[in-house]
Amino acid sequence: MITASGIDTKVTHLFEKEKYWDCWKLKTRHGRQTWQYEPPAVLAHANERDVKEFIEGMMKAFEFDKKRNPNSGDRVYRSRATKNFHPLVISEIEMPARLQEPLEKEAFLSAVKALHFYNALQAEEGHWPGDYGGPLFLLPGLIIASFITENPFPIAHRALMTKYMLNHQNEDGGWGLHIEGNSTMFGTVMQYVALRLLGLGEDDERLIKAREWIQKNGGATGIPSWGKFYLAVLGVFDWEGCNSLLPEMWLLPKSLPIHPSRYWCHSRMVYLPMAYCYGHRITGNITPLIIKLRKELYPQKYETIQWEKVRNHIASTDSYTPQTRILKILNTFVNRYEKIHSKALRQKALAFILEYVHAEDEQTNYVDIGPVNQIINSICVWHAYGNTSPQFRKHAERWNDYLWVAEDGMKMNGYNGSQLWDTAFAAQAITEAGLDKYFPETVRKAYHYINITQVQEDVPQREKFFRHLSKGGWPFSTLEHGWPISDCTAEGLSATLKLHGTGLFGKNDSAISDSRLFDAVNIILSFQNDDGGWATYENTRSAPWLELLNPSEVFGNIMIDYSYTECTSACVRALCEFRKNFPHHRADEVSRAVKRGI
């Protein structure tokens with residue numbers, strides 16, 4: 001639309017947005033991605049009212065219409081990264097002699113122009129930063145941890161967190177498990193609580209609508225077990241309403257198929273700190289706001305709720321994986337055990353759990369395997385040592401690794417990024433397309449990131465803390481995170497072999513040595529399961545029947561690590577490529593693994 005002044009109002013609106021987007025700068029170091037807020041210099045001496053007005057203007061700059069598409073397009077990062085971008089001059093591109101047909105030439109030019117743009121998005125250390133958000137239960141968990149540990153985020157962060165959640169509210173007033181999902185009790189209660197903790201009033205019309213959804217669907221007693229856990233820690237749900245998380249499970253013989261060491265590692269590392277919190281019945285301070293929330297979340301008076309009767313109550317909107325009969329029987333048993341449990345045994349279990357939490361923290365530089373266990377580990381460490389302790393400060397500093405700013409606000413990523421994964425695929429695409437000769441610097445930077453991200457040693461005491469081999473593997477994101485994954489290792493190996501084949505790296509500047517490639521093959525071979533397939537982080541450690549004990553209600557197939565077609569195909573392909581380059585290294589083992597994988 002052109003106004004009387006001749007200025008396109010859409011362009012003006014975008015310019016106004018970018019004024020606020022410019023306040024957010026992405027900093028990267030060894031793949032670590034953190035957003036820093038740098039307000040205009042004029043605000044340095046502004047009064048409180050002016051700062052408030054600026055923050056309100058910034059929130060408007062992050063208005064987002066989820067009805068068009070709930071997925072953001074990473075426009076904040078891309079607009080910053082491409083500020084000095086200039087389209088390629090086609091006449092300067094030397095066409096390969098092998099291309100004769102007009103359509104071939106056109107396709108080639110399209111690929112070159114695409115990579116020229118993609119090159120502008122590459123971080124100086126070689127990876128491609130990007131949004132990894134989507135799940136809606138992550139950010140509220142972080143806000144709850146921030147609240148109970150009395151470690152609040154800065155005002156600008158809180159504003160964009162608020163905006164993100166409001167941007168993704170469904171028309172019926174609720175929120176889903178993720179940004180594309182229908183409203184659930186888990187999603188709605190978690191966002192409602194988080195928004196209240198961030199300062200939104202109970203009379204806000206969006207919260208009124210959300211509260212009506214919660215009341216209409218039976219109240220927060222129907223929230224699934226993970227939600228019950230978070231609410232209990234916050235103090236708006238009684239621990240008696242939670243099924244036992246039985247800390248003593250960690251003291252069972254490791255040979256038992258139900259020992260937690262046999263769980264899929266993401267489940268294991270979430271239920272580990274959950275069990276610590278349950279064993280200590282950790283609850284934050286009961287503030288006036290918490291008292292208000294107790295009144296807002298339930299259709300009946302908080303004091304009249306019969307907590308033992310709601311342990312297995314799940315709203316119909318959330319029952320994705322209903323509790324099995326055997327799980328209900330087991331819950332009955334362990335809940336009765338809680339009334340007679342040995343205090344000495346409980347303390348022994350909790351001491352081991354805290355030791356294990358420390359091990360996970362130190363092995364991952366406090367990033368931890370994922371956002372959920374990072375948050376809950378933070379709560380455990382806060383409980384054990386306080387919010388001024390060095391351990392807790394290291395945790396709180398890492399919260400920023402999971403936060404991402406896009407045009408829909410500030411979200412919490414499902415990982416600390418996908419840096420290695422994206423870089424390995426980019427490197428393979430560039431080399432397979434024959435574009436490495438046109439963009440040698442892009443390729444060198446990608447190689448640098450792949451080089452610095454390979455894990456070159458096993459974690460300390462790995463057997464004690466149930467860790468698989470690490471040496472030679474590649475993680476999904478960063479070396480600091482450090483958990484190797486089968487397909488990430490395979491793609492890292494494939495990318496390295498292709499990059500070595502470009503001719504851009506001589507023996508002197510090829511940083512990834514043959515011995516490191518051999519280490520990668522060794523860990524890939526070690527990942528292969530008895531069925532011939534490859535799982536994710538570890539070998540499959542128990543049987544599928546363990547899913548009968550899945551206590552989450554909202555997630556399926558989370559109890560053990562399974563062989564997957566994707567992981568298997570990646571590993572088979574990488575081993576085949578390795579065999580072409582190194583036909584004599586463990587030749588029989590590699591061939592046998594490939595055959596079994598196929």
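On a 1 Å grid over the protein atoms alone, a pocket is an open set of points where a 1.4 Å probe fits, with protein on both sides within 12 Å along at least five of seven lines, and its lining residues have an atom within 4 Å of a point. This is a predicted model, in which local features need pLDDT of at least 70 and side-chain atom pairs count only at pLDDT 80 or more, while totals for chains, interfaces and linings use all residues. Residues are numbered from 1 along each chain as its sequence is written, and side-chain values use heavy atoms, with hydrogens and water left out.

| Pocket | Volume | Lining | Nearest the centre |
|---|---|---|---|
| Largest | about 880 Å³ | 31 residues | Tyr132, Trp264, His266, Gly414 and Tyr415 |

Two or more residues of the largest pocket's lining come from each of H10, helix H14 (371-385) and helix H18 (486-500), where helices (H or I, at least four residues) are DSSP runs numbered from the N terminus. For the second largest pocket, the elements that give two or more lining residues are helix H9 (225-234), H10 and helix H12 (325-337), and H12 gives the most, with six residues.

By class, Ala, Val, Leu, Ile, Met, Phe, Trp, Tyr, Cys and Pro count as nonpolar, Asp, Glu, Lys and Arg as charged, and the others, Gly among them, as polar. The lining of the largest pocket has 21 nonpolar, eight polar and two charged residues, and that of the second largest pocket has 23 nonpolar, five polar and four charged.

A nonpolar core is a set of buried Ala, Val, Leu, Ile, Met, Phe, Trp, Tyr and Cys residues joined through side-chain atoms within 4.5 Å, and buried means under 20% relative accessible area with a 1.4 Å probe, protein chains only. Of the 179 residues in the largest nonpolar core, Trp24 and Leu493 touch the most other members. Helix H10 (residues 265-280) gives the most to this core, with ten residues. Leaving aside residues up to four places away in sequence, Leu493 touches Trp474, Leu517, Ala520, Val521, Ile524, Ala574 and Phe578, contact here meaning heavy atoms within 4.5 Å.

The structure holds zero disulfides, a disulfide being a pair of cysteine sulfur atoms within 2.5 Å. Cys265 is buried at 0% relative accessibility, and its sulfur is too far for a bond because the closest cysteine sulfur, in Cys567, is 11 Å away. Cys571 is buried as well, with a relative accessible area of 0%, and its sulfur is 6.7 Å from the closest cysteine sulfur, in Cys567, which is too far for a bond.

Conventions
Buried < 20%, exposed > 50% of the residue type's maximum accessible area, 1.4 Å probe, protein only. Points joined across faces, edges and corners; volume = space filled by probe spheres on them.
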